[in-house]
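My notes follow in the order in which I checked things.

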Amino acid sequence: MGEHLALLKKGYSFSGWERNKVWLNRKNGTFLDISGISAADSVGDGRAAVFVDYDDDGDLDILLRAMHGRATLLFRNELGQDKKWLRVVLVGTKSGRDAFGAVVRVKSRLGIQTKVKQGGGRFMAQSDPRLLFGLDDVEKVDWIEVTWPNGAKQRIDGGSAGSTIRIEEK
């Protein structure tokens, strides 16, 4: 055990030196590794990362839980603040209150975006249950469609950028 403690003091983790990674979508089918400039790779042995709009500004921030060192860190996303967004909150009544498994589609002039409401998927953590859709410069969406876990479909016409829409299963 003494050997393991000596390695921890040198910056190694129980599973070796595993650096955290942050990738920037270049929107051309490739990604750029921005781990170093984000400072996420300097955290001691990250164990859980969740994505949450911590400051409610329409972009996802990263909350990271490390095994040792500074245990909890928040990396606020300050890129693309001039872009529009729409947040959808689902409330299940027949398919389970959390609506896990529901599929949400948002139609705008950009096309159709699809997201699935998921639970889990992270080690000892849960990301933001609210679904966030990036709208670029779109002010209004044409419609929002929810396919609930029981297969029922529900459609809402319209929706304004910069808003949170709560949809309760009917």
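Entry 1. I began with glutamate 169, which is buried (under 20% relative accessible area, with exposed over 50% and partly exposed in between, for a 1.4 Å probe and protein chains only) yet has no salt bridge. A salt bridge here is a side-chain nitrogen of Lys or Arg within 4 Å of a carboxyl oxygen of Asp or Glu. The nearest side chain of opposite charge is lysine 94, 6.0 Å away; Lys and Arg count as positive, Asp and Glu as negative, and His and the chain ends are not counted.

I noted the conditions before going on. This is a predicted model, in which local features need pLDDT of at least 70 and side-chain atom pairs count only at pLDDT 80 or more, while totals for chains, interfaces and linings use all residues. Residues are numbered from 1 along each chain as its sequence is written, and side-chain values use heavy atoms, with hydrogens and water left out.

Entry 2. What does the side chain of glutamate 169 reach? I found the backbone nitrogen of lysine 94 at 2.9 Å. Glutamate 169 sits in the segment after strand S12 (163-168); strands are DSSP runs of E with at least two residues, helices runs of H or I with at least four, numbered from the N terminus. Beyond four places in sequence, its contacts (heavy atoms within 4.5 Å) include Val91, Lys94, Trp148 and Gln154.

Entry 3. I turned to aspartate 53, in the loop between strand S3 (46-52) and strand S4 (61-66). Is aspartate 53 buried or exposed? Aspartate 53 counts as buried because its relative accessibility is 2%. Its side chain reaches the backbone nitrogen of aspartate 57 at 3.0 Å. Not counting residues up to four places away in sequence, I listed what aspartate 53 touches, including Asp61, Arg87, Asp128 and Arg130.

Entry 4. On the surface I found a nonpolar patch formed by Leu24, Leu32 and Leu79, with about 250 Å² of accessible area together. Patch residues have over 30% relative accessible area and no salt bridge, and nonpolar side chains (Val, Leu, Ile, Met, Phe, Trp, Tyr) are joined within 5 Å, like charges within 9 Å. Leucine 24 belongs to strand S1 (residues 23-25) and is partly exposed, at 35% relative accessible area.

Entry 5. Last, I looked at the whole chain. I recorded two helices and twelve strands. Of its 170 residues, 33% count as buried.

Notes: A polar contact is a pair of N or O atoms within 3.5 Å; within protein, one must be able to donate a hydrogen and the other to accept it, and residues adjacent in sequence count only if both atoms are side-chain atoms. Accessible areas come from the Shrake-Rupley method with a 1.4 Å probe; for residues, only the protein chains shown count as cover.
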